[in-house]
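Please look over the structure below with its aromatic side chains and its metal site in mind. The briefing that follows takes these topics in turn.

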Amino acid sequence: MAFYAFQGFIITLLVLLLTLHILVKSRRSKSSSFPVDWPILGMLPSLVGNLHNLQEYVTDVLATSSSSLLAHGPLASGMRLFVTCDPENIRHIFTTNHANYPKGEDFGEIFDIMQGSLFTVDGESCRRQRGRMKSILSNPRMISLMSSCSLEKVAKGLVPFLTRMATTRTAFDLQDLIARFAFDFTVMPIFSVDPGLLSSEMPPMDAAEAMDMVMAVGLLRQVMPASCWKLMRWLNTGPEKKLAAGHSTLYRFVMEMMEKRKAKNLDKEQDTVDVVSSYIHDPEFNDDLLRATLILYMVAGRDTIGSSLPWFFYNLAKNSHVVSAIRKELTPVVLSRKHAATTSNDTNTIVVFEPEDLKALVYLQAALLESLRLYPPGPIVRKTVLKDDVMPSGHEVRSGDTVLISPYALGRMESVWGKDWRDYRPERWLSDNGLKLRYVPSHKFLAFNSGPRMCIGKDIAIMQMKIAAAAIVWNFDMEVLGKQTIEPKLSCLLQMKNGLMVTVNKREEIIQV
Ligand code: HEM
């Protein structure tokens, strides 16, 4: 037994060293021309060699493999991967035969900070926790609280900051700003406490950075043989060491928020509506499960919206006609407000839009969805195979195989979106007369997942993004600085590796009445 453990350790070590060697070489050469499956080492060298460019690499490989392929891990690892972005396979995996494709037990190990919460479980536990979250997130008072938190942060945080940057003509990192904004408005309805990342002091973002670390190391843990990352965790080295520090930071953050919430004596009040109040008296949610669930709420809202909006503004910066079309759609809302107002006829003041103003705006929604097509916050989804099965594409998968589905590649397949898939074109989401949103099935547009594990917060998310997008687009002109390399970071979250430096100008003479 000890001999086999030692042998396993040596093989893992060798694979690790070889992998690091290839990584260093490929960083120097910037090459992405490895074959997918190597003898003995399987797909590991090509994966590691293309880590700097992973999403594009997976997209290229899938585009040249009829949207699906089987690959192998190193010989000793027994790892088999099925990678796909074929809509028919996606429908099969997420809906028709979804019981055969759970997240799997190792998913809970990979995202151990949320272990036991809905994010990591399947089966009965998933059914119960999902039902609970659905009822919390469909409560009109919760929806209204979440919208008002975003609105407050737009009016009191985002807009004053942008006005300052416009007045002083200062360039800033939009991704950093949105990260602060999304962190605050996500945490507020969970704990009834404003963490204040988007305030004039711009405090350090330790907890937000720890969440980024969970997602970055989460990706490495998904593509590496488990023995590799577990060895690094045991040795407390490399990314695993940083992750351990990130976990401590997040635990501390949740504890601090709970203390601040407690000091407000909210649990004595009957009508408290925050997320904590929905769980705190439930004996099923012991301290660990409660903490994991609260972190899941933070991840679900902050990570997704925080990484979507920078890509949205990046797309707008390259497509000024879309900016004009959004402003055209917003104009009647502003005019009707102006006509309703009796005291002011100043057309140049800042306008912040209420959820009711924005519900019916289909072009703005289409522009957001089109950005999510090209830049889905979760670029890779992982499932495991329970029983041997045959995919609609004809590929055979075996019990224990890992399935990787790429929403990033799916949004870029010519076979799904046509020859103009590269173009950012909100019109593809609209009916011919432009008045209604077109129905696009979720197995062709996977940004919000598909089937029984579909995102529960989709409508809330769209509203929160509309609130921020409308205020920024209406009140400011934005320009992306030249000479930046805009590319995805290596993470489960599609963030920009180097941020997004922009300048803004306050719009003048917005409406000629
Ligand atoms: C742009 C915004 C958003 C996108 C693109 C998005 C996307 C997704 C995706 C892809 C999943 C599946 C994750 C997985 O199973 O691994 C998911 C699940 C989930 N989302 Fe969202 N989400 C967004 C915003 C939100 C917001 C604002 C909330 C809460 C207010 C939310 C709540 C949830 C919950 C609770 C789940 C877990 C469902 C389950 O595991 O069964 N999401 N979301």
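In this predicted model, Arg507 lies over the face of Trp474, at 5.2 Å from the ring centre, a charge being counted over a ring if NZ of Lys or CZ of Arg is within 6 Å of the ring centre and within 35 degrees of the ring normal. Arg412 is placed over the face of Tyr408, at 4.1 Å from the ring centre. Local features need pLDDT of at least 70 and side-chain atom pairs pLDDT 80 or more, whereas totals for chains, interfaces and linings use all residues. Residues are numbered from 1 along each chain as its sequence is written, and side-chain values use heavy atoms, with hydrogens and water left out.

**Aromatic pairs**
- The structure holds 15 aromatic pairs, meaning rings of Phe, Tyr and Trp (its six-membered ring) with centres within 6.5 Å, where planes under 30 degrees apart count as stacked, over 60 as edge-to-face and the rest as tilted.
- Phe161 and Phe172 form an edge-to-face pair, because their ring centres are 5.3 Å apart and their planes stand at 85°.
- This pair links distant parts of the chain, with Phe161 in helix 7 (residues 140-168) and Phe172 in strand 3 (residues 172-173); helices (H or I, at least four residues) and strands (E, at least two) are DSSP runs, numbered from the N terminus.
- Ring pairs also join Trp417, Trp429, Phe445 and Phe448 into a cluster.

- Cys455 (SG), at 2.3 Å, is the only protein donor of the iron atom of the ligand, donors being N, O and S atoms within 2.8 Å of the metal (3.2 Å for Na, K and Ca); water is not among the atoms, so sites may look incomplete.
- Cys455 itself lies in the loop between helix 18 (414-417) and helix 19 (458-475).
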